[in-house]
Protein chains: 4
Amino acid sequence: MMDFLSDNAASACPEVLASLIEANAPDRPYDADSHSRNLDGAFSTLFDTEVTALWVTTGTAANALALATLCPPYGAILCHADAHIQNDECGAPEFYSHGAKLLPIAGSGAKLTPESVRDCLSALPPDVHRTQPYALSLTNATEYGCVYTPDEVAALGRLARERGLGVHMDGARFANAVVTLGCSPADLTWKAGVDVLSFGFVKNGGLSAEALIFFRPDLAAEARIRRKRGGHLVSKGRYNAAQLLAMLKDDVWLRNARAANEGARRIAEASPGRLLYPVEANELFLHLSAAEASLLRQQGFGFYDWAENLARFVVSWDQPEESIARLIAALNRL
Amino acid sequence: MMDFLSDNAASACPEVLASLIEANAPDRPYDADSHSRNLDGAFSTLFDTEVTALWVTTGTAANALALATLCPPYGAILCHADAHIQNDECGAPEFYSHGAKLLPIAGSGAKLTPESVRDCLSALPPDVHRTQPYALSLTNATEYGCVYTPDEVAALGRLARERGLGVHMDGARFANAVVTLGCSPADLTWKAGVDVLSFGFVKNGGLSAEALIFFRPDLAAEARIRRKRGGHLVSKGRYNAAQLLAMLKDDVWLRNARAANEGARRIAEASPGRLLYPVEANELFLHLSAAEASLLRQQGFGFYDWAENLARFVVSWDQPEESIARLIAALNRL
Amino acid sequence: MMDFLSDNAASACPEVLASLIEANAPDRPYDADSHSRNLDGAFSTLFDTEVTALWVTTGTAANALALATLCPPYGAILCHADAHIQNDECGAPEFYSHGAKLLPIAGSGAKLTPESVRDCLSALPPDVHRTQPYALSLTNATEYGCVYTPDEVAALGRLARERGLGVHMDGARFANAVVTLGCSPADLTWKAGVDVLSFGFVKNGGLSAEALIFFRPDLAAEARIRRKRGGHLVSKGRYNAAQLLAMLKDDVWLRNARAANEGARRIAEASPGRLLYPVEANELFLHLSAAEASLLRQQGFGFYDWAENLARFVVSWDQPEESIARLIAALNRL
Amino acid sequence: MMDFLSDNAASACPEVLASLIEANAPDRPYDADSHSRNLDGAFSTLFDTEVTALWVTTGTAANALALATLCPPYGAILCHADAHIQNDECGAPEFYSHGAKLLPIAGSGAKLTPESVRDCLSALPPDVHRTQPYALSLTNATEYGCVYTPDEVAALGRLARERGLGVHMDGARFANAVVTLGCSPADLTWKAGVDVLSFGFVKNGGLSAEALIFFRPDLAAEARIRRKRGGHLVSKGRYNAAQLLAMLKDDVWLRNARAANEGARRIAEASPGRLLYPVEANELFLHLSAAEASLLRQQGFGFYDWAENLARFVVSWDQPEESIARLIAALNRL
């Protein structure tokens, strides 16, 4: 009821549920149905360029498929040391890429910088003994709820281009970043050098569909094969496509993300002294002593112990107003 | 409208849609929710023994995960030459098993026999040069819509046990087989030596959830890890679990399969001379000349050209009565 | 002493041993030494075109590396059902290619024909469900000691080109084929459409070095990486290169193969009625009853039971004259 | 001539060359020959316990095969951030293990400590999202030429045992460590908790054979299969086995390592102020300015620039006395 553990715990939004019912008629299997065939068009409109859009059922699959198209088995992928692909996907990127090596890079807010990426690259002699870099993966909003601006992404994108690296963006909370930045989806992706985007919908009110967006359609053909081979070409794909289309329509995806961000912002304002980082999406990392954390739990709040004296709170798109208000009050009382 | 192309084209049944709406509240993510936690119990009751039940989103994923738990990367999997795992999964078993070798075996009706399996095994000298066998996979109902009886499965199961092979059953149309045989799910699986079952729901009225049933729970822990690593641990697993529970309740899975089988039976009775095999599930393989096939297509029937002068018709759980009646009439007219 | 079991059992020829002693001085590690740097040149001269030549330590590694450069993890490799890569390498092609699928094709003498390859291809619908073909592998001389002529290779090469398949030749006994055919190495390889050749030396008097020849040098860069990753970039590569150079010099490779072929020819002439296939290299497959095989073994002959009433005899480059004469006599006495 | 670049550049010792000539007669192929069959016995004697010993042709293959037997595809391997397996094997451990994740740990002298390993482990929550640890790999002597004492290994071995981790030792310079420590090979390995040892011979005067030693023979059967599958079961294995036996006989391996260590010790004594670490094997890491490095190179010395103002010198078993004396003089002159 007062759960701030994860936006994965949230419900699906009404438009998504309605889309399933609307799509519930016989249609061609896999992704030959009328809904799936509309995905490229809908996302191309959103991104203001021609993209290829594939539905997948998890962000982990989206990330792993994206990376497998950018990096050969014998290559390396640069990412932040706190990246989801490094820590929270049970080695899915290694599995889908057939053993590529993730090279974790440290940095504040789970953000990469051109400097930190350059340092990592300069430690890799270009020989057959060292795993050579092929891809750069960044998460926006990051695992610490911070955002990269379009300019920051573009600086990394330029560096990647110079060094021959493909660029992947893990956008599990892409909607939250776009809302915070007020930029266009195009500005934050292909215009800044991103080749493939894992565009998250499930945390943001979806039920079971994520989108994998290729700004380089030449990469998509192989990704389709890998998706099938990974067991991700679901038989009745129309239900996945319908969810995505429903969330694009009337900007439901932005509406949901805005609600979540706004909740987080209000909680942040109530306890500025406790914030590990400025809140730029729907996650808060709060300094809490063990005693304080325990007190909050006794009052019914759910959240994640991230590190010693550090707790993660995630605000969902459907977070009840009452739970936000009560959390603010409880934090004020601490 | 009069589509007999695939049961993947069918709609989801009302109970499944209702289950999604019922499950649409915040709950623990992944498979820690209340629905997912009920799966082991529900399937253990159905199979009359303690099983571990995992939801997955495709039959391909179910098969590949099952085989990866039974066979090491350097092992071989015996299957029929017409098996779905051999021909229709883009190498998913090879992917998940990290390169295990499928050894295809010929035989009528896409069925294996102890003799054909024994012949295959006897051609494999037990040395380090030859890929050694670790698993046997059979499909019930088969890719040609034939069924293995419990006794037939048991004979294969005994042989497998003698030779140290694990046994997987691809049950994409397990429900159709059970309905035809009138046996218990237990008789057709663990009592006959099956270790892991891919239990299909999507073709049978589900929306997006298949079940992977481990009769040897020791295998399930590894499968959970591989499921996550394969990107199949969906964030909001409750919607998958809810579908499965809804189809077990009141034997909806049997009701749906019965409807599909009955439609196939009626069509078969109307054209006995055209049947490649007796119809024992919801698929018909009919001898049709190119001219006859063309005539049927002109009348609006959809079906798959399987081979020269051979067409596949699949009857779905929701096949409109009218489409069946019209197909029977059209076949009679040929 | 009278062993016809395998040419792997033979000794190394004097020139090879001498080359190791000659190379035994400090030099650059891996393949930066002066011997290794001469390989491309020496093999380019032999093949009358610019090639990239890598040493490897086994034919299995050569084959697997070659196939991994020609076929992605999600692709299929067409080969004969009796091919060494299919039956005798413990899945090394699957391992190095990360799970590619071998599609075995039947045919007399372990030979593929344009017809049999075309039949296999026509059974593969070009969709995402079926593993798509990327490479064709043929063995010359074949696993049954038969040879493909340059024209036969060229016919397969043209078909492969038309269908977009890369062509690999397993030349574990390439020398024996060249000697029999009296053709140039060029005629039998790149002029006939071969992209990569596993060029065997060990069975033919080498000690530990095989050659992997790329007629498309664009493929070689990746193969170098995969060779390192496979643990095949030996530290003191100069000893491998020296062996290969020593066997190219003064056509030692042809001299050795000629000796082996000649021994096989003489045995074949002595028992024409027992031959499964005409003898075109250094292997004989003789129809022998179990009693006959037993008699020969009692007289000290070593050979391999290939199938019921079929035995394989291999003549090595260093086969003692006496053992050949005695075998001929023994066969005559049967 | 005055090359301190790598012990891989050294020659093979006379006993090794002689062993090849001695072994040069027909014998059973692969590892069924009389030399290979003596390996288990010879190494069991050396280690004073029953071991299984496999020859392989590179240290990279030895390491990767060892790790693949200790860690499943979905597991993690703890190692030092400077480990050869992490930096210098082009991802061979990832390849052979099918995608296991290396978790690099920092620490002085390229050495792990129970504390640093414990810290790494404590950051890994035991859930399905995080790659779980299965193995610990340590290098002795380390990549910085430091040694672990038997007690230090034992402390790590105990920790590994408590946490259920298998223990691998990369002993590319194991001989150098044993010479320095004056301990028994048993004390430094299985008595201290090591399960598998990559026992290096090539850097120490071998030609092409390394040894992979299993102190848990139950692991060896799978390693044999993986060795074949990796293309490392060479056809004429007798030449590999003969080299190893020749180096064990009369303690040639210790004699060679002693010579190398002694050279390094003398150079170290001549420039104590420049040492990054105490010299405990045959490698020296010297602080040298760019100008100093350049001066030395002008005088004909070969060495590796390891980092800014840091150079690596390796002394080989066959390092000419003159080159050592001249280097000492040159360093004194700087």
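Is B:Tyr30 buried, exposed or partly exposed, and how many C-beta neighbours does B:Tyr30 have inside 10 Å? B:Tyr30 counts as partly exposed, with 19 C-beta neighbours inside 10 Å, because the cut-off for a buried residue is 20 or more. Please keep in mind that this is a predicted model.

**Backbone at Tyr30**
- B:Tyr30 is a residue other than glycine with a positive phi, near 60°, and lies in the loop between α1 (14-22) and α2 (34-37) of chain B.
- In chain A, phi of A:Tyr30 is positive too, near 55°, and this residue is found in the loop between α1 and α2 (39-47).
- A:Tyr30 is partly exposed, having 19 other C-beta atoms within 10 Å.

**Cis peptide bonds**
- A:Asn140 and A:Ala141 are joined by a cis peptide bond with omega near -10°.
- A:Ala141 sits in the loop between β4 (132-139) and α7 (150-163) of chain A.
- The bond between C:Asn140 and C:Ala141 is also cis, and its omega is about -5°.
- C:Ala141 belongs to the loop between β5 (132-139) and α7 (150-163) of chain C.

**Chains A and D**

**Where chain A touches chain B**
- Chain A and chain B put 40 residues each into their contact.
- On the chain A side, α1 (14-22), α3 (59-70), α5 (92-96) and α9 (220-229) each supply at least two residues.
- That side of chain A has 20 nonpolar, 13 polar and seven charged residues.

**Nonpolar cores**
- The largest nonpolar core has 232 residues, and A:Ile77, A:Ile213, B:Ile77 and B:Ile213 have the most contacts inside it.
- Leaving aside residues up to four places away in sequence, B:Ile213 touches residues including B:Phe43, B:Phe47, B:Val51 and B:Phe199.
- A second, separate core has 231 residues, among them C:Leu136, C:Leu207, C:Phe303 and D:Leu103.

**A sheet in chain B**
- Three strands form an open sheet in the order β9-β12-β11, with antiparallel pairing.
- β9 (283-287) and β11 (304-307) are the edge strands, each pairing on one side only.
- From one strand to the next, the twist averages 35°.
- β11(B) and β12 (residues 310-314) pair over three bridges, and B:Tyr304 stands opposite B:Arg312 in β12(B).

Key: Residues are numbered from 1 along each chain as its sequence is written. Chains are lettered from A and ligands numbered from 1 in the order in which they are written. This is a predicted model: local features need pLDDT of at least 70, side-chain atom pairs count only at pLDDT 80 or more; totals for chains, interfaces and linings use all residues. Two residues are in contact if their C-beta atoms, placed from the backbone, lie within 7 Å. Helices (H or I, at least four residues) and strands (E, at least two) are DSSP runs, numbered from the N terminus. Ala, Val, Leu, Ile, Met, Phe, Trp, Tyr, Cys and Pro count as nonpolar, Asp, Glu, Lys and Arg as charged, and the others, Gly among them, as polar. A nonpolar core is a set of buried Ala, Val, Leu, Ile, Met, Phe, Trp, Tyr and Cys residues joined through C-beta atoms within 7 Å. A residue is buried if 20 or more other C-beta atoms lie within 10 Å of its own, exposed if 12 or fewer, and partly exposed in between; C-beta atoms are placed from the backbone. Two strands pair if DSSP finds at least two bridges between them. Axes are lines fitted to C-alpha atoms, for helices over the stretch in contact, and angles run from 0 to 180 degrees between N-to-C directions.
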